[in-house]
Amino acid sequence: MSAPVSLPPAAAPKTAMPAVRANFASSRLVRLLSAATAREQDAPRQDFAERLAQWLSAVDTVRLHAALPPGPVGAIPTTLSAGAKALRERTDAELAQVRAALTQGIAAQAAQALRDAPHEADAGHAPHRKRHLDQQGQMAQKVAALRASVRQALSQASPRLRQLAALDAVLEQTLGGREHKLMAAVPLLLEKRFEQLKRAQPEGWHGAYVGEMQEMLHAELDLRLQPVIGLMHALRSEVEKHP
């Protein structure tokens, strides 16, 4: 049985708008995975557009082209609806609610993993992989619903934001499968860390691993929320430009 380990408290809901990350390759999740697997982060050899082109099929390209405005973006009217400020406040509240629910779920799962440790001594990494996949399923469901709600708010706020919401819907549909595949690989990578800690720390290794997995899940949540936060930044920017 591993020695008791105190896990960090669940993060409080964030009320301030988080920043949008410009370089996803430097996200906290990527840094944590690189450290856990003792791998160096590869410097991007292509810019974002070139890498994105490799992910898209001909059908995907047609869909994205159809979602883009026929003329310059500046030609799209920017007149905001009377309820745009209320829409912004609603999406802020929804983001805080979803983040808090998922953060609490991650903390509860970590606590349960520590309680179950004596009964899972011979089960290896399988129970942890299942927990991680369960949390990923919760994240995918709740974040997708939040993203759809934020797109709906943008569609009601102004013609320009409606166009952005349409583009985001196509991007989510186009890249969702690749995101799911990449995220599903995270528990497999963590299994190596599980075995490494088990060999290196005869005492307390299980609690250390649970703490690391909890941190990974928080980083993954931050990454999954980035597209939503980007949409919300666009809405907030338009509201602040037209008080």
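Visitor: How many aromatic pairs does a search of the whole structure find?
Guide: The search finds two, in what is a predicted model. Rings of Phe, Tyr and Trp (its six-membered ring) pair if their centres lie within 6.5 Å; planes under 30 degrees apart count as stacked, over 60 as edge-to-face and the rest as tilted.
Visitor: What is the geometry of Phe194 and Trp205?
Guide: Their ring centres are 5.1 Å apart and the planes meet at 80°, so this pair is edge-to-face. Phe194 belongs to helix H7 (residues 186-200) and Trp205 to helix H8 (residues 205-241), so the pair ties together parts eleven residues apart in sequence. Helices (H or I, at least four residues) and strands (E, at least two) are DSSP runs, numbered from the N terminus.
Visitor: And Phe194 with Tyr209, what are the values there?
Guide: The centres of Phe194 and Tyr209 lie 5.2 Å apart with planes at 85°, so that pair is also edge-to-face. Phe194, Trp205 and Tyr209 form one aromatic cluster.
Visitor: Is Tyr209 buried or exposed?
Guide: Tyr209 is buried, at 1% relative accessible area. Buried means under 20%, exposed over 50%, partly exposed in between (1.4 Å probe, protein chains only).
Visitor: Changing topic, which residues does Asp168 touch?
Guide: Not counting residues up to four places away in sequence, Asp168 touches Arg147, Arg151 and Leu231, contact meaning heavy atoms within 4.5 Å. Asp168 sits in helix H6 (residues 159-184).
Visitor: What conventions apply?
Guide: Residues are numbered from 1 along each chain as its sequence is written. Local features need pLDDT of at least 70, side-chain atom pairs count only at pLDDT 80 or more, totals for chains, interfaces and linings use all residues, and side-chain values use heavy atoms, leaving out hydrogens and water.
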